[in-house]
Amino acid sequence: MNAPAPVQDLPGWDENAEVDLGPPHAVATEHGRFYSDPGTGVLLRSVTNAIDQLAKEGLPQGAATFTTDYMINRLPELLRAARDPDDLAAFRKKASFAYKEEWERRAELGSRTHRQVEARNLGAPIAPDPEVEPFLDSYVRWLSDFGVNLGTPGGPSDIKAAECTVLNRSLGYGGTSDLWVHLRFPSPTSPLVPKHRPRKVPANPLPTPSGLWLVDVKTSIKYPASLMRESFPMQLAALRRAEVALICPPECRYGAAEGHDASHEHPVPPFAGVAILNLRTDAYGFIPLTAAPDEEEQRAFDAFLGLHPVSDYVDDLDLRPYKPIQPPTRRDAA
Ligand SMILES: [Zn+2]
């Protein structure tokens, strides 16, 4: 298998990790997350922001199930509230927003897991986070099972970059690479975990060339470790095709930075493979997507790029002037 080009060891990002849950250079806007290019000040749409244009079939069902359970668990309260219209209206409001609060809580748990994982990668001190501990345990098991050597803090490590902001200025997007990690496999393909083997399609082994891998870490308290979504190949194809990785001091984080220079920018290296690492409280699932950038991956990337004009159009659209008009037969129409 082809060995990837050697990469410079990049320091991970740790400054201010305690106070900022968003990745470096990320900016929250009313149109979702963007990355502020410290070289130009231009806002580049985030990879996941563009992918959010895809309707996610599972979301309405998930919200409906959560809301139904919420009400079943509060039946006595609902029955009491039903005696008074104001109480019932208040209950209705609370119940209909409950899933949003839960969604936000889960997203926040994901961010906290990323921070704990990053601290572990760097050997950096971090306050323990008991709720995140089971996810971190699964991560540590993955490191051990896949023979990932973190080395000593500051020394050489199999992890070449963590939580790294990457930009594609030519095509106008940015994102965060969770892990660039050197992985060694005993053979060019690896068999599937028996309990996750599909029944209706051939359970072929997946290509696992040794070399530098781009890995995206996903946490969930609900979905199985085998979870694979249609958006994942698009996301990884986009991250893989980013042009530069930014390793900037804190003063470069917001908008165009005077102090920003070429020494903060590193070319994104070629990757031997890309994968999803699903972290769960009791397990992990490491799912290689595609190894060499092939036709299938190109289609994923083209699909991702196709979402950009949709995102731009929707963001710019002003629906306010569009209202019903008066009928032409009406005499006083002005
Ligand atoms: Zn910089």
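1. Helix α2 (residues 58-72) packs against helix α4 (residues 85-122) at an angle of about 120°, with 9 Å between their axes. Axes here are lines fitted to C-alpha atoms, for helices over the stretch in contact, and angles run from 0 to 180 degrees between N-to-C directions. Helices (H or I, at least four residues) and strands (E, at least two) are DSSP runs, numbered from the N terminus.

2. This is a predicted model, in which local features need pLDDT of at least 70 and side-chain atom pairs count only at pLDDT 80 or more, while totals for chains, interfaces and linings use all residues. Residue numbers start from 1 along each chain as its sequence is written.

3. The α2 and α4 pair is therefore oblique; angles under 35 degrees count as roughly parallel, over 145 as roughly antiparallel, 65 to 115 as roughly perpendicular and the rest as oblique. α2 passes α4 in a right-handed crossing (left-handed if the near helix is turned anticlockwise from the far one by less than a right angle, right-handed if clockwise). On the α2 side, Ala 63, Phe 66, Thr 67, Tyr 70 and Met 71 meet Ala 95, Ser 96, Ala 98, Tyr 99 and Glu 102 of α4; contact requires C-beta atoms, placed from the backbone, within 7 Å. By class, this contact has 7 nonpolar, 2 polar and 1 charged residues (Ala, Val, Leu, Ile, Met, Phe, Trp, Tyr, Cys and Pro count as nonpolar, Asp, Glu, Lys and Arg as charged, and the others, Gly among them, as polar).

4. α4 also packs with helix α5 (residues 133-145), at about 45° and with the axes 10 Å apart. α4 and α5 are therefore oblique to each other, and their crossing is right-handed. Thr 113, Gln 116, Val 117 and Arg 120 of α4 meet Phe 135, Leu 136 and Tyr 139 of α5. The classes in this contact are 4 nonpolar, 2 polar and 1 charged residues.

5. The largest nonpolar core has 54 residues, and those touching the most other members are Val 181, Trp 213, Leu 214, Val 215, Ala 275, Leu 277 and Phe 304. Such a core is a set of buried Ala, Val, Leu, Ile, Met, Phe, Trp, Tyr and Cys residues joined through C-beta atoms within 7 Å. Strand β4 (residues 159-168) gives the largest share of this core, 6 residues. Leaving out residues up to four places away in sequence, Ala 275 touches Trp 213, Val 215, Phe 286, Ile 287, Pro 288 and Leu 289.

6. His 266 lies in strand β10 (residues 265-267). His 266 counts as partly exposed because it has 17 C-beta neighbours inside 10 Å (buried means 20 or more other C-beta atoms within 10 Å, exposed 12 or fewer, partly exposed in between, with C-beta atoms placed from the backbone). Its C-alpha atom is separated by 31 Å from that of Ser 220, 46 residues apart along the chain.

Key: Two residues are in contact if their C-beta atoms, placed from the backbone, lie within 7 Å.
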